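Here is a quick tour of a protein chain, with an eye on its aromatic rings. Have a look at the model first, then read on.

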Amino acid sequence: MSELRKANTDATYFLTFTVVGWIDVFTRSRYCDIIIDSLKFCSENKGLDVFSYVIMPSHIHMLARHEEGKLNEIIRDFKSYTAKEIIRTIDQEQGESRMEWLLEMFREYASTQKQNKVYQFWQKTSHPIEMLSSEMIDQKQEYIHNNPVAAGLVNDPESWVYSSANVMSPLKVLVA
């Protein structure tokens with residue numbers, strides 16, 4: 001099924017946004033902050049409801065919805081904007097020791113796709129899974145929050161800064 005035909009109801013969805021090649025981009029807070037700022041903008045201006053999230057080094061998990069069934073449009077705009085902004089930041093701001101390598105990798109991935117002219121940052125799909133019950137939501141929320149623990153990055157979910165499990169998270173979420 002086409003990506004455009006998914007996440008087009010007012011249901012809550014489990015989403016995964018993955019950097020091409022599973023490249024660890026979100027090891028730098030400046031790139032995580034671009035994600036947080038964009039999610040805040042989408043929440044405040046486009047009606048995105050975020051219930052849980054985690055930003056891992058190479059991907060993002062989230063439980064989210066749009067009451068008017070336009071989550072697929074928000075995902076499209078979010079991925080487009082964040083890809084351009086992160087690539088611009090890599091290219092133009094000082095302090096990225098991996099700049100040449102990262103840009104070359106994003107060019108390489110774009111060369112295999114018709115719709116990406118210069119760079120490809122995100123994998124094409126966000127693998128939206130509609131949450132059909134509160135049990136599914138609880139299971140996915142636990143998975144999201146425990147992802148940094150399972151990856152060996154922290155000992156408890158509350159310690160990961162870029163996660164809704166952390167009370168000091170820079171992104172405040174809604175209760176599912």
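From the N terminus on, the chain runs β-α-β-β-α-α-β-α, which comes to four helices and four strands (DSSP runs numbered from the N terminus: H or I of at least four residues for helices, E of at least two for strands). This is a predicted model, where local features need pLDDT of at least 70, side-chain atom pairs count only at pLDDT 80 or more, and totals for chains, interfaces and linings use all residues. Residues are numbered from 1 along each chain as its sequence is written, and side-chain values use heavy atoms, leaving out hydrogens and water.

Of the 176 residues, 47% count as buried, meaning under 20% relative accessible area with a 1.4 Å probe, protein chains only.

Now for the rings. Searching the whole structure turns up eight aromatic pairs (Phe, Tyr or six-membered Trp rings with centres within 6.5 Å; planes under 30 degrees apart are stacked, over 60 edge-to-face, the rest tilted). Phe26 and Phe121 are edge-to-face, because their centres are 6.2 Å apart and their planes stand at 80 degrees. This pair links distant parts of the chain, 95 residues apart: Phe26 is in the loop between β1 (13-18) and α1 (29-45), Phe121 in the loop between α3 (99-110) and β4 (129-130). Both Phe26 and Phe121 are buried. They also belong to one aromatic cluster with Phe17, Phe78, Phe106 and Trp122.

Lys140 sits over two rings, as the table shows. That takes NZ of Lys or CZ of Arg within 6 Å of the ring centre and within 35 degrees of the ring normal.

| Charge | Ring | Distance from ring centre |
|---|---|---|
| Lys140 | Phe14 | 4.5 Å |
| Lys140 | Tyr143 | 5.9 Å |

How values were computed:
Buried < 20%, exposed > 50% of the residue type's maximum accessible area, 1.4 Å probe, protein only.
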